[in-house]
Amino acid sequence: MATTADDADAPATLPATAPVAGVRGVYRRLARAIGDAMPKGLYARSLLIIITPVVLLQSLVAFVFMERNWAEVTARLSAATVGDIAAIVDIMETYPQDEKFDRIVALANNRFRLSIAVLPLEPLPPAGPKPFFSPLDRALSEAITRQVGKPFWIDTVGRSNLIEIRIQLEKNILRIFAPRSQTYASNSLIFVSWMVATSVILLTIAIVFLRNQIRPILRLTAAVDNFGKGRAVANFEPRGAREVRQATTAFHEMRRRVERQIEQRTAMLAGVSHDLRTVLTRLRLQLALIEASADVEDMQHDIDAMNRMLEGYLAFARGDSGEEAVPTAIDALLRTLAQEARVAGAVVEVSFEGDPTVRVRPQAFKRCIANLVGNASRHGDHVVVVGQHTDGNLTVIVDDDGPGVPFEEQGAVFKPFYRLDNARNLDETGTGLGLPIARDIARSHGGDITLGDSPLGGLRVTVTVPA
Ligand SMILES: Nc1ncnc2c1ncn2[C@@H]1O[C@H](COP(=O)(O)OP(=O)(O)OP(=O)(O)O)[C@@H](O)[C@H]1O
Ligand SMILES: [Mg+2]
């Protein structure tokens, strides 16, 4: 029954969820596109977070102000001026006894602050180009059409502080010059300038403050990055906001703890190795006093192996502590290692691609690659070493034509003292510390080592470190 109910439900729910999934897909794509377009740095992002609302708010306020206040005030001022002009037109038409219009001109001048002139009738000039965004033109035209209702021509652009209006009367042309300030809310420009100026000041202050807040974060990031890559980190003062200080302090504590732990491990292992070596030396001396036999030889052999293991373990524990990362010519380093391996009797090819200078701890890095080339030349006859420095990574690939390492064993060979050769009975000289040491070094540089199959038929070891 349950299955039938489910089956019946399935087609009913499918179309309902499909548009939701579609919307979600679109949303996700949009979010990703915005994310891609956004600047990636913290500084740029924080600035954007501050600037965007300011600019949006200012634009909105400016728009509303222009739309409402500015246009309204301008319309009222224009209407008032046009009212005066309409009165003059009315007087001229209703009281024609003022033949030369002297008194009306004087009246307009004294009472309305309008400079008018009555010209002989002639066609009005063609309309001039209108300024793109001018509430004045619009307001004036509307007011004249409404209050005077005669053919007119206006020029609000020509003379900067006067506007010119011409109105066609029955027998004359009335030309009026009105002060721009009388018709136009000119303080809006001042308003906009104030707005822009204050925003600039505000943003400048924001940028300065933000810089000071972000610098400690950037420094902490650099320190963590360096520590992760095993480079030396100077002890710097926690600065900035409380959380950043806390993070910096926590980082310093963590760093000290890690360093202390490494020191303790090294000291302990050095102590153990030293003590055991003393005992082994004593054992070897005692064996030397015993009469030689096959058993004694075996025991001596074992003691030698134990000694070698202790040496190896000590090197492993000591790691690469204390060494500084410096710019190192990796191509030369690889060539030196190849030369050494050739002396030992292997065929080794080396190549390098990209900028050969990379910041690594030279001794440690050399030991790492030397272990790999040593393994390869021990197990194979033909070794190929390829270095690459691209996209902020240094990759060194070591290929050989030996028996390789089975996939199931590829994790295990990184364990200290783990050797396949015991089972294969190939080689008795190793201690099984080469690969763990190499991986330790790669990881202390912030990178890693992976194993795989080589096109040559044997093992491929790939070392990658950020450069
Ligand atoms: N290139 C290789 N081809 C085949 N097997 C390998 C190769 N490299 C390492 N191995 C196997 O992995 C095991 C571990 O290697 P590792 O370098 O850690 O130790 P080792 O070479 O035996 O000793 P050490 O390097 O300390 O002298 C080796 O014993 C060997 O069996
Ligand atoms: Mg080895």
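Colleague: What does Met38 count as at 32% relative accessibility?

Modeller: This is a predicted model, in which local features need pLDDT of at least 70, side-chain atom pairs count only at pLDDT 80 or more, and totals for chains, interfaces and linings use all residues. Residues are numbered from 1 along each chain as written, chains are lettered from A and ligands numbered from 1 in written order, and side-chain values use heavy atoms, without hydrogens or water. Buried means under 20% relative accessible area and exposed over 50%, with a 1.4 Å probe and protein chains only as cover. Since 32% lies in between, Met38 counts as partly exposed.

Colleague: Where is Met38 found?

Modeller: Helices are DSSP runs of H or I with at least four residues, and strands are runs of E with at least two, numbered from the N terminus. Met38 sits in the loop between helix H1 (2–37) and H2.

Colleague: How many bridges join S3 to S4?

Modeller: Strands pair if DSSP finds at least two bridges between them. S3 (residues 162–168) has five of its seven residues buried, and a hairpin of three residues leads from S3 to S4. S3 and S4 (residues 172–179) run antiparallel, and the number of bridges is seven.

Colleague: Which residue in S3 is the bridge partner of Trp153?

Modeller: Strand S2 (residues 152–155) runs antiparallel to S3, with four bridges. In S3, Trp153 is partnered by Arg166.
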